[in-house]
Amino acid sequence: MGIIIDNLEEGFVSLGIESTAHTFGVGVVRSDGKILANEYSVYRPVKGGIHPREAAQHHSMVASKVLASALEKSSLSPRSIDVVAFSIGPGMGPCLRTGATVARALALKLGVPLVGVNHGVAHIEIGKLLTGARDPLVLYVAGGNTMITTYLEGRYRILGETLDIAAGNCLDSFGITAGIGPMPAPEIHAKAGKVIHPLPLRVKGMEVSFSGLLTAAESMLSSGVPLPDVCLSITESVYSMLTEVLERALAMTKKEEVLIVGGLAKSRRLREMIELMVRPHNAKLLEISDEYLGDNGAMIAWTGALMHAHGMHISIDESRVRPKYRINEVEIPWGSPV
Amino acid sequence: MGLPGVELFDDTDFRLVRPVSIGAEATIYEVTLRGTPLIAKVRVPKPYRNAVIDRDVRERRTLNEVRTMSKAHDIGIVVPHIVHVDLPNSIIFMEYVRGTELREVLYKSPETHLKFAGDLGRYLGEMHEHGLYHGDPTPANLIVRDGELCIIDFGLSGYSDDVEEHAADVNLVERSVYSSYPVMARDFIELFWRGYREVRGSFSEAEVKKRVAEIRRRARYVMR
Ligand SMILES: Nc1ncnc2c1ncn2[C@@H]1O[C@H](COP(=O)(O)OP(=O)(O)O)[C@@H](O)[C@H]1O
Ligand SMILES: [Mg+2]
């Protein structure tokens, strides 16, 4: 672990702030990969989906508390922090700005460098750290992102992604329309489902599209099909699509390690399907505990540590958030598989 | 011979020669039918998938593939000839195209083969112009035989005049070329569009280009 930067003569400590969507998190990580703290607070809307402004308000309310408890957990004084990292994008503008503001203030106060981390890269890097994966094929599935990616020549290349909405967004939205709330509610209700009704699976090579599926499932529900059956049909369909495109990518890249990261990676059923899929390819699905699958501050801190070790700092002027920041825009000087 | 349920022919008509490719979705065999070499494309059941979804998917894809292949052939695109279809078992018997996948050709001799970018542009242009889309037009699904491009793997194809489907095709071309051949990608895509424009004209080209860019930018989030 910490393969690259434990070569540095002196260790250092990185503090990372996550605030792209519903989670405000602060993580503290040492340069050898030891996670010292991972604290967070999640905004849960009373009704409906995430409203960016309300989420941002939540984040600014909890920020100092989460920050304080992360420092306490790490048993470090603020003076031991050597670099401050924050998720600069992609994500919801108001949420990102809240995290960025906290990060700027903290970096200035401590007089340490600032690092702007790509949220998607961070999901992958924490997965690699925790599993020891060297050159994995990655499925990144969450409420706002769905993509298949792997490292090639200096960057994470996107092999396939959603053409419209994210897989998590599809299931969350369905749950909200159906009155049961976002994931994991649809998956829980699916357990009581008996009959599967085929839905249109729009797959294009390694790309997927979920908006047609969402509409079809919603109209299936309003036509009187029992809720558990619709839940079973939509979850099985979404997971089948994801597993199918991941298998196509695996057959193409012939990778030996598979990582699934992002909030939807917590789904037991999705993991089970992928586990079954990878077997005949002589690949391994690596396990990451739930705490580090969803959005968290530790992943930002760790990626911040990698970037700090490679001098990838930004000035305050350059720290404007990037709501549409794509994973393949980031240079990954540490990514080369050994 | 290991191919189940082939009813039109009896088992002695076929001989299994060898597996050619074990892909994500299908297993491809070389077989002979009364001495003639053919390809058998078998869509195998996926144990990870629920049985109802699995059957539905395999049947639909097999049907799509034969339908669009015949239509593409009619409009002058080089595709393998279909010999026989066993729908209940999701097997297509077709001509064995003896050539090299474009994927390999591009790795081995990148510069000399940029000409295929234009050919691909013309092929997709023809398909879109005739209301067809391929659904997976990547270099693994193109075979180069005697300097000529042949398209295969029509399982994800369909009929549509919707610019969204056409843009999704081009998006895949761009994506697969950029991720596998970053160095030559720019040239390849430029030549691709040139070929596409030759067939469809600059108006359609601009319309599809615009939609491709839009797909890339699209917010991946809806509100409920
Ligand atoms: N008719 C054919 N002639 C020669 N080779 C073929 C033919 N059909 C398929 N192949 C080979 O098998 C590979 C996989 O076939 P394909 O139809 O693309 O299925 P899939 O990608 O779903 O596994 C192709 O990339 C090609 O190398
Ligand atoms: Mg193929």
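A nonpolar core is a set of buried Ala, Val, Leu, Ile, Met, Phe, Trp, Tyr and Cys residues joined through C-beta atoms within 7 Å. Buried means that 20 or more other C-beta atoms, placed from the backbone, lie within 10 Å of a residue's own.

Quick housekeeping, everyone. This is a predicted model, where local features need pLDDT of at least 70 and side-chain atom pairs need 80 or more, while totals for chains, interfaces and linings use all residues. Residues count from 1 along each chain as its sequence is written, and chains are lettered from A, ligands numbered from 1, in the order written.

Okay, the cores. The largest one has 122 residues, and Val84(A), Cys170(A), Val238(A) and Leu242(A) touch the most other members. Helix α7 of chain A, residues 227-253, gives the most, 13 residues; helices here are DSSP runs of H or I, at least four residues, numbered from the N terminus. Both domain 1 (5-125 + 293-329) and domain 2 (133-285) of chain A supply at least three residues each, with bounds from an automatic or database assignment.

Apart from that core lies another, of 34 residues, including Leu163(A) and Ile77(B).

So how do the chains meet? 27 residues of chain B are in contact with 36 of chain A, contact being C-beta atoms, placed from the backbone, within 7 Å. On chain B's side, α1 (51-74) and α4 (163-180) are the elements giving two or more residues.

Notes. Two residues are in contact if their C-beta atoms, placed from the backbone, lie within 7 Å. A residue is buried if 20 or more other C-beta atoms lie within 10 Å of its own, exposed if 12 or fewer, and partly exposed in between; C-beta atoms are placed from the backbone.
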